[in-house]
Amino acid sequence: MAALSSLSFSAMNSQRKSTLPASTRFLASNSDIFGIRTDSSYHCVGVRAANSASKMTVQCMSSVTDVPSVSETKLNFLKAYKRPIPSIYNNVLQELIVQQHLMRYKTSYRYDPVFALGFVTIYDKFMEGYSSEEDRNTIFKAYIDALKEDPEQYRIDAQKLEEWARAQTSSSLVEFSSKEGEVEGILKDIAERAGGKGEFSYSRFFAVGLFRLLELANATEPTILDKLCAALNINKKSVDRDLDVYRMLLSKLVQAKELLREYIDREKKKSEERAEPQKANGAISKCLGQQLPVL
């Protein structure tokens, strides 16, 4: 089971630390992961770097008086879902919620459906094979509720974009700016904000959302992603890098879950083997009891 440790993303101290160990490649809060940098503008969640100027800290804190701490968000999740979660899932969920908290409460954050599609895609892939579908849905709700967002909106928007993408072709997918429609309007708004006409915060969730759109539209040509990124005013290199890490994470998840299944099967077999002598002894005792004469 040692190989499972590759997915045990260590939780971040919410009081003084703004980065995670390098081993948490997918969820680490450095400039390469999730777009969460360590400059002063990203410490608006009660986190202050050791070298931050006091003036900058005061300015930041004055604008986020109602922002909950990371600990409060995690506690809200645990209160909403009180049942135990297997460690292979729980470790990643706890890490995800820490990182999404930091994104959620950045001053530049603004919810958008592509971001939601990316998170839903990651969550569903990660929780695939979980013991109970009902528990998967309940955990999802508890997770989004803890971030003070609407889990139903995440699901509705993700489904809306998926249905739209299935009806697209490689060419129509990137030509949204010349068309009218609800999803086209969403993409136009993102393009405007990413182009500097509004607040936009790029993240790996967003990159995965783009990948899901291409996947559903069967847009397999490498140039389509280039065109889509250009139309949305998104840095293509960042998307390529983040999608490579996403694919690597999925591969590790598959391996870890396979090891977990093998471990469970072994333990089950050992339990059955230990039970066999007990069953045999019980059968012998029962047989002898039936043969003994009544005195």
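This is a working chat about a predicted model of one protein chain.

User: What should I know about the model before reading numbers off it?

Analyst: It is a predicted model, where local features need pLDDT of at least 70, side-chain atom pairs count only at pLDDT 80 or more, and totals for chains, interfaces and linings use all residues. Residues are numbered from 1 along each chain as its sequence is written, and side-chain values use heavy atoms, with hydrogens and water left out.

User: How many helices and strands are there in the chain?

Analyst: The protein chain has 11 helices and 0 strands. Helices (H or I, at least four residues) and strands (E, at least two) are DSSP runs, numbered from the N terminus.

User: What share of the residues counts as buried?

Analyst: 43% of the 295 residues do. Buried means under 20% relative accessible area, exposed over 50%, and partly exposed in between, with a 1.4 Å probe and protein chains only.

User: And how much of the contacts comes from residues 24 or more positions apart?

Analyst: They account for 71% of the contacts with a separation of 6 or more; contact means heavy atoms within 4.5 Å.

User: Take α3. What span should the helix have, and how far apart are its end C-alpha atoms?

Analyst: Helix α3, residues 87–104, has 18 residues and should span 26 Å at 1.5 Å a residue; the end C-alpha atoms are 25 Å apart, which agrees. The expected span is 1.5 Å times one less than the number of residues.

User: Is α3 enclosed or exposed?

Analyst: 15 of its 18 residues are buried, so α3 is largely enclosed by the rest of the structure.

User: Switching to rings. How many aromatic pairs?

Analyst: The count comes to 15 aromatic pairs. Rings of Phe, Tyr and Trp (its six-membered ring) pair if their centres lie within 6.5 Å; planes under 30 degrees apart count as stacked, over 60 as edge-to-face and the rest as tilted. Phe115 and Phe205 have ring centres 5.3 Å apart and planes at 80°, so this pair is edge-to-face.

User: Where do Phe115 and Phe205 lie?

Analyst: Phe115 is in helix α4 (residues 113–126) and Phe205 in helix α9 (residues 204–216), so the pair ties together parts 90 residues apart in sequence. Both Phe115 and Phe205 are buried. Phe119 and Tyr154 also form an edge-to-face pair, 6.0 Å centre to centre with 85° between the planes. Phe119 sits in helix α4 and Tyr154 in helix α6, 35 residues apart.

User: Are Phe119 and Tyr154 buried or exposed?

Analyst: Phe119 is buried, at 0% relative accessible area, and Tyr154 is buried, also with a value of 0%. One aromatic cluster includes Phe115, Phe119, Tyr154 and Phe205, with Phe140 among its other members.

User: What lies over the face of Phe140?

Analyst: Arg155, at 4.1 Å from the ring centre. The rule for a charge over a ring is NZ of Lys or CZ of Arg within 6 Å of the ring centre and within 35 degrees of the ring normal.

User: Back to Tyr154. Which side chain makes a polar contact with it?

Analyst: The side chain of Glu149 does, at 2.5 Å. A polar contact is a pair of N or O atoms within 3.5 Å; within protein, one must be able to donate a hydrogen and the other to accept it, and residues adjacent in sequence count only if both atoms are side-chain atoms.

User: Where is Glu149, and is it buried or exposed?

Analyst: Glu149 lies in the loop between α5 (133–146) and α6 (151–166). At 14% relative accessibility, Glu149 counts as buried.

User: And Lys148?

Analyst: Lys148 is in the loop between α5 and α6, but is exposed, with a relative accessible area of 52%. Its phi is near 60°, a positive value in a residue other than glycine.
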